[in-house]
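Subject: Handover of a structure and notes on its features

Dear colleague,

Please find below the structure that I am handing over to you. My notes on it follow directly after.

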Amino acid sequence: MSLISRFLPLSFVLFACLLAASPTSSAAANRAKALVTRGGYAVTREGRLLESRAIDTAFVPASTIKLVTCLAALEILGRDYRFTTAFFVKDDTLSIRGSGDPSLTSATVAAIAADLARLGLKEVGDIALDADSFALSGKADGADGSANPYDTANGALAVNYNAVAVTVTDDGRIVSGEDETPLLPIMKEIGRHLPPDTHRVNPGAFIAGGRISPTLRYTGELFKAMLERQGIKVTGRITAAAAPPGVAPFHTHTSAQTVEDIVRSCLHYSNNFIANQLFLACGARSLGQPATWDKGRQALRAFIATAWPQHRHDITMIEGSGLSRRDRITPAAMLAVLHSFKPYSHLLKPKDGVPLKTGSLAGVHCYAGYLPRGRELDPFVILLNQRDNTRDPLLARLQRLHSVPRRGHRTWLTLRRQPAPLPGCRADWPPDCAYP
């Protein structure tokens, strides 16, 4: 018997084993097909496509589209950009001009009030709120005006992500829902409609009519309360009016958070309000004020065409958060986004050691992120537009087949910085602060 004939049966056995273990075998393909009835997915390594399905079909991405919004903000606004809010004093009126800062929390407003007191402000009449740097016709596409905080309105001047925290006690008392925010009249009005519990709600679902919008009313009441805490007397009304022309600012507040800090919070908490503030700010930076939804769309289209020209027709963005079911992206385009986002992968929240962005709507179940391989990151995307949520077993399958840690190397998880907590959100409020 020749040497070749002696080893030929063994070679057939080895070939059969390799074929059975191959990710592209028919059994593996069938398992993947069973998990995906309507959707697409893909994973790459060093530019090579390891596995995919419906890679060039556009799907509803839900909140995974925030990766595009956040990358655009980092590039268009700049990672070190800081928003400003200007304060003017003329006669007895304090005017506050907003620029869309998404990081104005109760703690920030309290610090601003302390600054104004140190600068010598003793008493004001009216508080005039200038939100003219935004000119929005309606809510974000996909927002239905519900009481959920992820449906809240955007604006040039808003506080606490435009979500009101209110507690109704078992005996019917209404108190503030967070220690850093005083009890405001708007809380008392909203609380009358809520059952006993601690709530975080969209004020627009409860307040209608009036001289000013619920967003500006909430902002004005918070500033008034914080000014009074600093001993600054407020004798007039809260109004909506442009800041006086030709008057130098009495004080200009620059946000403590950079755009990179804000993006980290946006992705960690999947905050729709922050995402659309960044979307609108990109439009205003690119096309001038006032910010509008259409300018945001134009700015993102131009950014996409420049960053990924081969995918300029594969990404449709109606707004920046993923609430809209008219948003679309292909798995191939999302892979290109993830490749560009790699320098910012530390801004993502890990799920079981996998840095990713989730996306969820009714019938929409998505992941986009990176499979860690030692210090390396392999981009992957799962876009499911189907009734059954099989993204977790599909991700587990991709990890099992394609994520191979190298011994002796620290992982991505041990190297990343911990995300900053989102100011104004309590640790025991994940359903209200974490938007899917």
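Which residues in H8 meet which residues in H9? Before the reply, please note that this is a predicted model.

**Helices H8 and H9**

On the H8 side, the residues are Asn276, Phe279, Leu280, Cys282, Gly283, Ser286 and Leu287. On the H9 side, they meet Trp293, Lys295, Gly296, Arg297, Gln298, Ala299 and Leu300. By class, this contact of H8 with H9 comprises seven nonpolar, five polar and two charged residues.

Helix H8 covers residues 272-287 and helix H9 covers residues 293-307. Their axes come within 7 Å and cross at roughly 80 degrees. Because angles of 65 to 115 degrees count as roughly perpendicular, H8 is roughly perpendicular to H9.

The loop between H8 and H9 contains Pro290. A cis peptide bond joins Gln289 to Pro290, with omega at about 0 degrees.

**Helices H3 and H7**

A second pair of helices is formed by H3 (residues 66-78) and H7 (residues 259-269), whose axes come within 10 Å and cross at roughly 175 degrees. Angles over 145 degrees count as roughly antiparallel, and H3 and H7 are therefore roughly antiparallel to each other.

In this contact, H3 contributes Lys66, Leu67, Cys70, Ala73, Leu74, Leu77 and Gly78. Their counterparts in H7 are Val259, Glu260, Val263, Cys266 and Leu267. The contact of H3 with H7 divides into nine nonpolar, one polar and two charged residues.

**The sheet of six strands**

Turning to the strands, an open sheet of six has the order E2-E1-E18-E17-E16-E15, and its pairing is antiparallel. Strand E2 (48-53) and strand E15 (349-351) each have a single partner strand, so one side of each is left without a neighbour in the sheet. From one strand to the next, the twist averages 25 degrees.

Within this sheet, strand E17 (residues 364-373) and strand E18 (residues 376-384) run antiparallel and are joined by nine bridges. One of the residues involved is Ala368, whose bridge partner in E18 is Val381.

**The sheet of three strands**

Another open sheet has three strands in the order E8-E7-E9, again with antiparallel pairing. Its edge strands are E8 (174-176) and E9 (197-201), each of which pairs on one side only. Direction ignored, neighbouring strands of this sheet are turned by 30 degrees against each other on average.

Strand E7 (residues 164-168) is joined to E8 by three bridges, and the two run antiparallel. Val166, for instance, has Ser176 in E8 as its bridge partner.

**A positive phi**

Asp91 is not a glycine, yet its phi is positive, at about 55 degrees. Asp91 is placed in the loop between strand E3 (84-90) and strand E4 (93-97).

**Pocket and cavity**

Which residues lie nearest the centre of the largest pocket? They are Ala153, Asn154, Gly155, Ser213 and Thr215, and the lining as a whole has 21 residues. By class, the lining of this pocket consists of nine nonpolar, nine polar and three charged residues. The volume of the largest pocket is about 390 Å³.

How many cavities of 30 Å³ or more does a search of the whole structure find? The search finds one. The largest cavity has a volume of about 40 Å³. Its lining is made up of Ala140, Ala143, Pro149, Tyr150, Asp151, Thr152, Asn154, Asn272, Phe273, Asn276 and Leu323. Six of these lining residues are nonpolar, four are polar and one is charged.

Two residues link this part to other features described above. Asn154 lines the largest cavity and is also among the residues nearest the centre of the largest pocket. Asn276 lines the largest cavity and also takes part in the contact of H8 with H9.

With kind regards

Conventions:
Residues numbered from 1 in each chain as written. Predicted model: local features only at pLDDT ≥ 70, side-chain atom pairs only at ≥ 80, totals over all residues. Heavy atoms only, no water. Axes fitted to C-alpha atoms, helices over the stretch in contact; angles between N-to-C directions. Helix = DSSP H or I, 4+ residues; strand = E, 2+ residues; numbered from the N terminus. Parallel < 35°, antiparallel > 145°, perpendicular 65-115°, else oblique. Contact = heavy atoms within 4.5 Å. Nonpolar A, V, L, I, M, F, W, Y, C, P; charged D, E, K, R; others polar. Pairing = 2+ DSSP bridges. 1 Å grid on protein atoms, 1.4 Å probe; cavity = no way out; pocket = protein on both sides within 12 Å on 5 of 7 lines; lining within 4 Å. Points joined across faces, edges and corners; volume = space filled by probe spheres on them.
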